[in-house]
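Trainee: I have a model open on my screen and would like to learn how to read it. Could you walk me through a few features?

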Amino acid sequence: MGDFKHLVIAKFKEGVVVEEILNGMTKLVSEVDSVKSFEWGQDIESQEMLRQGFTHAFLMTFHKKEDFTAFLGHPNHLEFSATFSAAIEKIVLLDFPAVLAKAPA
């Protein structure tokens, strides 16, 4: 089985300083060893009707589901979750085992 992924798609509340949230998330993943990799991006291309107000995507990769479970219970994650949740207007979460269809070059 491949990696386990945690995908978050978010729309931040009006007035939120997104850079502070991004800095906090980057700090969090650097402190938690079970996170294999972390990527994020801000939408710049989608039409608003397709975007539905969502602006940012975050993707964490773990070696296995158990590492993700450990991450969820980690004290640093629990602390940051309160800050992140307070900044979010809308959110979509997907947690899934990855199926590699094409390997990186």
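This is a predicted model: local features need pLDDT of at least 70, side-chain atom pairs count only at pLDDT 80 or more; totals for chains, interfaces and linings use all residues.

Trainee: What does the UniProt annotation say about residues 4–96?

Mentor: UniProt positions are given in the numbering used here, feature names are shortened, and annotations may be inferred rather than shown by experiment. Here an unreviewed UniProt entry labels residues 4–96 "domain: Stress-response A/B barrel". In the model that span is 43% helix and 33% strand, and its end C-alpha atoms lie 6 Å apart. Helices (H or I, at least four residues) and strands (E, at least two) are DSSP runs, numbered from the N terminus.

Trainee: How many aromatic pairs are there?

Mentor: Rings of Phe, Tyr and Trp (its six-membered ring) pair if their centres lie within 6.5 Å; planes under 30 degrees apart count as stacked, over 60 as edge-to-face and the rest as tilted. By that rule you get eight aromatic pairs. Take F38 and F58: their ring centres are 6.5 Å apart and their planes at 5 degrees, so they are stacked. F38 sits in strand β2 (residues 37–42) and F58 in strand β3, so this pair ties together parts 20 residues apart in sequence.

Trainee: And F58 with F84, stacked or edge-to-face?

Mentor: Edge-to-face, because the planes are at 85 degrees, with centres 5.9 Å apart. That pair links strand β3 to helix α4 (residues 75–87), 26 residues apart. Ring pairs join F12, F38, F58, F80 and F84 into a cluster.

Trainee: Is F58 buried or exposed?

Mentor: Buried means under 20% relative accessible area, exposed over 50%, partly exposed in between (1.4 Å probe, protein chains only). F58 has 2% relative accessibility, so it counts as buried; F84 is buried as well. W40, in strand β2, is partly exposed at 42%. Contact means heavy atoms within 4.5 Å, and, leaving aside neighbours within four places in sequence, W40 is in contact with L22, H56, A57 and F58.

Trainee: How many salt bridges does the structure hold?

Mentor: A salt bridge is a side-chain nitrogen of Lys or Arg within 4 Å of a carboxyl oxygen of Asp or Glu. The structure holds five. One of them is K11 with E89, whose closest N and O atoms are 3.1 Å apart. That one links distant parts of the chain, strand β1 (residues 4–12) and strand β4, 78 residues apart. K11 is partly exposed at 24%, and E89 is partly exposed at 44%.

Trainee: Which residue does K27 bridge to?

Mentor: E31, with the closest N and O atoms 2.7 Å apart. Another bridge joins the side chains of D43 and R51 at 2.8 Å, N to O.

Trainee: Where is Q52?

Mentor: Look in the loop between α2 (48–51) and β3 (56–62). Q52 is exposed, with a relative accessible area of 51%. Its phi is near 60 degrees, a positive value in a residue other than glycine.

Methods. Residues are numbered from 1 along each chain as its sequence is written. Side-chain values use heavy atoms; hydrogens and water are left out.
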